[in-house]
Amino acid sequence: MTQEELFRKLIAHSKEYGFIFPSSEIYDGLSAVYDYGQMGVELKNNIKKYWWDAMTKLHDNIVGIDAAIFMHPRTWEASGHVGAFNDPLIDNRDSKKRYRADVLVEEWMARQDEKIEKEVEKARKRFGEAFDEAQFRSTAPRVLELSARREQVRLAMVAALTDNDLEALRRIIVGCEIVCPISGTRNWTEVRQFNLMFETRMGAAAHGANIVYLRPETAQGIFVNFLNVQKTGRMKIPFGIAQIGKAFRNEIVARQFIFRMREFEQMEMQFFVRPGQEIDWFNRWREVRMSWHRALGFGDEKYRFHDHDKLAHYANAATDVEFQFPFGFKEVEGVHSRTDFDLGNHQKFSGKKIQYFDPESGESYVPYVIETSIGVDRTVLQVLSAAYTEEKLDGGEERVVLRIPAAIAPVKVAVLPLVKKDGLPEVARNIVDMLKFDHNVQYDEKDSIGKRYRRQDAIGTPLCITVDHESLESRTVTIRHRDTMAQERVPMAELPRIVEELVSMRRLFERIKPL
Ligand code: GAP
């Protein structure tokens, strides 16, 4: 199965089993907006809990808040979003399709990478065992030519974006002979800037002054509350404020399912430090956040860092945690050293002093900030992509199983009476009652036991408890494990302990690197 097929199947599976639906589907959907169904919302809530607790419970110097989506419009002037939160756009005159100019160039670079990999693969086949890949990459003329051109274009794009030189960006597109994927032509317009913030009006006035924005990031709700939290919580630097909430961006290139949405959710944490110590804290947070991802157990090779060449206007260091999605390595989280840009600007724009008196040094200063910012939806997609597995079983049967880490699986336990009579349903219901206060438990008595196992595999339930006739006499049940399909007989009275051990989030937390 190609990665493209896998991705298509994953999208279909997410809908069929109640994880993710297109928004307002009965009206043919709304582009880049999605709804979470009965399974999706459980998975999403578990991911949020994993993040929230990893921040606020594992660190006694991090607290949470929940700020409003609407903020005073001056906030977005201070943050730089009104002036600089833009994407460079280009239209193809023949297809009338609009593209992000930088994405067109990035896709061109990815095609050069593919060409290089093809050259390497061809040579590997030709030379067999004797193939020295490193030497080939550093000497083969075609590979060197492709790499040099790619690097030249990359540097030109970084310079064009940094200097906001839209004409230079257009020249790169023309120079690389990039064609529109729809019309196949190179009939491009000029490149223009397009602000990504959604606007709406607050109150009754129809025009002008009452414009407010739907926040494009949750971070600013933390910055404007810095003093409130610091004072009321008597927080001492270094400390962090965490928040989970919706953000909105009028994305031009909206595709790849829930990877790039117009309404999405972020989990952000701003960590306030003494000026001059920010790079040390940045490096620490980079490692802590990578370990949070890797603790999910999908394989360390599925993650990598991507350090930024082009820094955002507020940053003096930045990296992305990238995950290997079916469509390639892409960002799931950003870790940024945001300097004192945000607090400093809010101080300037609001006219209110935003400073911290450091009792250790005896000085007052505007703190520096390390931000960790991760998309909830991209994490859901990461989990689903890594978990989706098709398996051939002995006897020729097939199953689709979501190998979601037990601690974040939507349903933890399914309780299944072998038959719908002889008192087995009553025993099964008692087990549900015993477990339901601590876990999300499903009861299912319909269809054969095999079909019921398949249904639970398809939504990623780690444990199935089967009640059979022997259960009535011996007060034991079988537990069937999703991944191995192994079954074991255990006393009913032991179930709360056994389930807790297998699905506890503690197993994930213990793998996270301490700060
Ligand atoms: N406060 C910093 C900030 O917002 P960002 O890199 O623009 O930084 C952070 O966004 C994270 O939010 C990304 O790593 C991604 O996971 C998520 N994200 C951003 N735009 C998104 C979109 N349109 N759809 C889904 N997730 C998005």
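By class, how many nonpolar, polar and charged residues does the shell around the ligand have?

Modeller: The shell has 5 nonpolar, 5 polar and 10 charged residues. In that count, Ala, Val, Leu, Ile, Met, Phe, Trp, Tyr, Cys and Pro are nonpolar, Asp, Glu, Lys and Arg are charged, and the others, Gly among them, are polar. Quick heads-up: this is a predicted model, where local features need pLDDT of at least 70 and side-chain atom pairs count only at pLDDT 80 or more, while totals for chains, interfaces and linings use all residues. Residues are numbered from 1 along each chain as its sequence is written, and side-chain values use heavy atoms, with hydrogens and water left out.

Now for who's there. In all, 20 residues surround the ligand, where near means having a heavy atom within 4 Å of it. The closest are Glu-217, Arg-249, Met-261, Glu-268 and Glu-331.

Val-332 uses its backbone instead, with an N or O atom 2.8 Å from an oxygen of the ligand. Arg-338 has a polar side-chain atom 3.4 Å from a ligand nitrogen. Taken alone, the ligand exposes 550 Å², and the protein buries 92% of that (Shrake-Rupley areas, 1.4 Å probe).

As for strands (DSSP E runs of at least two residues, numbered from the N terminus), strand 13 (328-339) gives the most to the shell, 6 residues. Strand 10 (263-273) and strand 16 (368-375) each supply at least two.

Terms used:
A polar contact is a pair of N or O atoms within 3.5 Å; within protein, one must be able to donate a hydrogen and the other to accept it, and residues adjacent in sequence count only if both atoms are side-chain atoms. Helices (H or I, at least four residues) and strands (E, at least two) are DSSP runs, numbered from the N terminus.
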